[in-house]
Structure formats: structure tokens, C-alpha cells
Amino acid sequence: MQCTQCGSEQTQRLEVIYEQGTTTIRTQSTSVGAAGNGNFGAGTATTTTSGIQQTKLASRAAPPQRKSKVGGVCLLLLGILLGWMGIGNSGWLLLLGGVALAGGFLLLQRAATYNRDVFPPLYRQWQASWLCHRCGCIYQYGQH
Ligand SMILES: [Zn+2]
């Protein structure tokens with residue numbers, strides 16, 4: 001696919017760059033130690049390292065993210081907790097709990113709206129995006 005800026009043929013879809021540049025590492029190393037001294041004892045130690053390794057280019061080509069609902073859920077739980085502590089105790093705690101509940105609902109609703117209305121077109125745009133390896137520009141193609 002020709003670059004719209006410089007006409008170079010050295011282009012790749014962002015999706016491909018992202019997948020190629022992101023590797024999940026899982027290495028396992030075993031070390032064996034032996035202790036002499038009349039008695040013979042041997043021990044093994046296994047260390048597992050795992051994580052995600054990403055090139056700079058891949059992180060630039062990363063897809064848009066859905067909004068997380070974690071914050072909203074936490075606020076809801078906090079609201080329930082505060083309300084529960086406030087029953088028969090303090091009107092202020094009840095009030096705070098109510099505010100936290102309302103905030104939690106609001107956050108959840110905003111995340112849901114974003115994921116439903118804003119995220120899909122962003123994701124489609126990302127899928128149709130290409131990166132030019134010569135001039136480094138990102139451009140959309142395939143939506144005409
Ligand atoms: Zn270019």
C-alpha cells in the first residue's frame with residue numbers, strides 16, 4: 001500500500017506491526033545446587049519470568065482501548081460499604097455513601113456509552129490505519 005505522504009511502498013498495517021512487535025515472554029530457568037560435606041543434598045530452584053515485551057513501534061501502533069469499568073465498580077462498592085457503616089450510626093456516612101454510589105453509576109454509564117458509541121469507530125479506524133516505515137506517518141486506507 002503506497003504511502004499517501006511520500007509514495008513509499010514500505011508500509012504496514014498498524015495491526016500487523018502491533019502483533020509482530022508484541023511478544024509474550026515466558027522463560028523458565030532452573031538452577032541446580034549441590035551441597036557436599038558427607039551428606040549429599042541437592043536442590044533445584046525454578047524461576048519463571050513472564051511479561052509482555054513491546055517494541056517502541058508496536059506501542060505506537062497500539063489499538064485504542066475500551067474504557068475500564070473498574071473505577072465505577074470500586075465507587076459502587078465504596079458507596080455500599082459507607083452506607084452500611086452509616087446505618088444507625090451517622091447520617092454523614094450515609095450521605096457520603098449515596099454520593100459514592102451516584103458517582104459509581106455515573107462512571108459506569110460513561111464507560112458503557114464510550115464503549116458503545118466512541119470506541120467502535122476508533123477501532124475500525126485503527127484497523128484501517130497504515131504506517132509508513134520511510135516517513136513515519138500514519139494514514140488511513142480502505143474506508144473509501
Ligand atoms: Zn511515507
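Y141 is partly exposed, with a relative accessible area of 37%. The residue sits in the segment after β5. Neighbours within four places in sequence set aside, Y141 contacts M1, A128 and W130. R13 is 128 residues away from Y141 along the chain, yet the two C-alpha atoms are separated by 9.4 Å.

The model is a predicted one. The values below are computed from it.

## Overall make-up

The protein chain holds 4 helices and 5 strands. Read from the N terminus, the order is β-α-β-β-α-α-α-β-β. The chain has 144 residues, and 22% of them count as buried. Its accessible surface is about 10,200 Å². Carbon and sulfur atoms account for 57% of that surface.

Now the contacts in the protein chain. Take those between residues at least 6 apart in sequence: 62% of them join residues at least 24 apart.

## The zinc site

Which residues coordinate the zinc ion? They are C3, C6, C132 and C135, each through its SG atom. The distances run from 2.3 to 2.4 Å. Along the chain, the donors follow the spacing C-x2-C-x125-C-x2-C.

The site is tetrahedral, with angles of 107 to 116 degrees among the 4 donor atoms. For four tetrahedral donors, the ideal angle at a metal is 109.5 degrees.

## Cysteines: accessibility and disulfides

Is C132 buried or exposed? C132 counts as buried because its relative accessibility is 1%, and the cut-off for buried is under 20%. C135, another zinc donor, counts as partly exposed at 39% relative accessibility. C74 also counts as partly exposed, at 45%.

How many disulfides does a search of the whole structure find? The search returns 0. A disulfide would need a pair of cysteine sulfur atoms within 2.5 Å.

Strand β4 covers residues 129-132. Both of its faces are covered. S129 and L131 lie on one side, W130 and C132 on the other, and all four are buried.

β4 runs antiparallel to β1, and 3 bridges join the two. In this pairing, T11 stands opposite C132 in β4. β4 also pairs with β5 (residues 138-140), again antiparallel and over 3 bridges. Here L131 stands opposite I138 in β5. β4 and β5 form a hairpin with 5 residues between them. G136, in the turn, has a positive phi of about 80 degrees.

## C132: strand residue and zinc donor

C132 lies in strand β4 and gives its SG atom to the zinc ion. Leaving aside neighbours within four places in sequence, C132 is in contact with C3, C6, S8, Q10, T11, C137 and Y139. C3 and C6 in that list also coordinate the zinc ion. T11 is the residue that stands opposite C132.

M1 is 131 residues from C132 in sequence. In space, the two are 9.2 Å apart, C-alpha to C-alpha.

S8 lies in the segment before β1 (11-13). Is S8 buried or exposed? S8 is buried because its relative accessible area is 3%, against a limit of under 20%. Residues up to four places away in sequence are not counted in what follows. S8 touches M1, Q2, C3, C132 and R134. Two of these, C3 and C132, are among the zinc donors.

Where is S68 found? S68 belongs to the loop between α2 (56-60) and α3 (70-86). At 51% relative accessibility, S68 counts as exposed, since the cut-off is over 50%. L108 is 40 residues from S68 in sequence. Their C-alpha atoms are 8.6 Å apart in space.

Note on methods: Residues numbered from 1 in each chain as written. Predicted model: local features only at pLDDT ≥ 70, side-chain atom pairs only at ≥ 80, totals over all residues. Heavy atoms only, no water. Buried < 20%, exposed > 50% of the residue type's maximum accessible area, 1.4 Å probe, protein only. Contact = heavy atoms within 4.5 Å. Areas by Shrake-Rupley, 256 points an atom, 1.4 Å probe, with all protein chains shown as cover. Donors = N, O, S within 2.8 Å, 3.2 Å for Na, K, Ca; no water. Tetrahedral: all angles 85-135°; square planar, octahedral: opposite > 155°, others 65-115°. Pairing = 2+ DSSP bridges.
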